[in-house]
Amino acid sequence: MKPGAVKISARDVVWRIINFVVSALWIVAAAFHFKDKTFQSAMPGIFLLVVGTASIVFEFWRPRAILENCYFLWNFMGRGI
């Protein structure tokens, strides 16, 4: 293991896979919101697209500053679920 690397447990890998799948489903749901071509249906689609993309990005890239100051975002209670 490289110096400074973080060991990831099997449970963390499972949760990352689950988060990735849910985020991918959000993006698929966003695509269906754009089907109606109205402003009212596009706004939730844009929100789902942004949140789903950000969630996928943060599953693979976790900036140290966010991990130190906003660690609560990486558990379900911190996300408000």
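**Entry 1: V51.** I looked up V51 and found that V51 is partly exposed, with a relative accessible area of 28%. For my own use I wrote down the cut-offs: buried is under 20% relative accessible area, exposed is over 50%, and partly exposed lies in between, with a 1.4 Å probe and protein chains only as cover. V51 sits in helix α2. I also checked V51 against W26: they are 25 residues apart in sequence and 8.0 Å apart in space, C-alpha to C-alpha.

**Entry 2: what I am looking at.** This is a predicted model, where local features need pLDDT of at least 70 and side-chain atom pairs count only at pLDDT 80 or more, while totals for chains, interfaces and linings use all residues. Residues are numbered from 1 along each chain as its sequence is written, and side-chain values use heavy atoms, with hydrogens and water left out.

**Entry 3: the whole protein.** I counted three helices and zero strands. Here helices (H or I, at least four residues) and strands (E, at least two) are DSSP runs, numbered from the N terminus. Along the sequence the pattern reads α-α-α. The protein has 81 residues, and 15% of them count as buried. I noted an accessible surface of about 6,600 Å², with 72% of that belonging to carbon and sulfur atoms. Accessible areas come from the Shrake-Rupley method with a 1.4 Å probe, and for residues only the protein chains shown count as cover. Then I turned to contacts, meaning heavy atoms within 4.5 Å. Of the contacts in the protein with a separation of 6 or more, 43% are between residues 24 or more positions apart.

**Entry 4: helix α2.** I read 22 residues for α2 and a reach of 32 Å from its first C-alpha to its last, close to the 32 Å expected at 1.5 Å a residue. The expected span is 1.5 Å times one less than the number of residues in the helix. Which residues of α2 are buried? My list is S41, A42, G45, L48, G52, S55, I56 and E59. Seen down the axis of α2, these buried residues fall within an arc of 160°, so they line one face of the helix. The arc is that of the directions from the helix axis to the C-beta atoms. On the other side of α2, I found F39, F47 and V50 exposed. What do the buried residues of α2 pack against? They pack against α1.

**Entry 5: S55.** S55 has a relative accessible area of 14%, so S55 is buried. Leaving out residues up to four places away in sequence, S55 touches S23 and W26.

**Entry 6: helix α1.** I read 24 residues for α1, and from its first C-alpha to its last α1 reaches 35 Å, close to the 34 Å expected at 1.5 Å a residue. N19, S23 and A30 are buried in α1. The cover over the buried residues of α1 includes α2.

**Entry 7: K37.** Between α1 and α2 there is a loop, and K37 lies in it. Is K37 buried or exposed? K37 is exposed, since its relative accessible area is 76%.

**Entry 8: a nonpolar patch.** On the surface I found a nonpolar patch formed by V13, I17, F20, V21, L25, V57, F58, F60 and W61, with about 880 Å² of accessible area together. Patches are made of residues with over 30% relative accessible area and no salt bridge; like charges are joined within 9 Å, and nonpolar side chains (Val, Leu, Ile, Met, Phe, Trp, Tyr) within 5 Å. A salt bridge is a side-chain nitrogen of Lys or Arg within 4 Å of a carboxyl oxygen of Asp or Glu. Helices α1 (10-33) and α2 (39-60) each supply at least two residues of the patch. The largest share, five residues, comes from α1.
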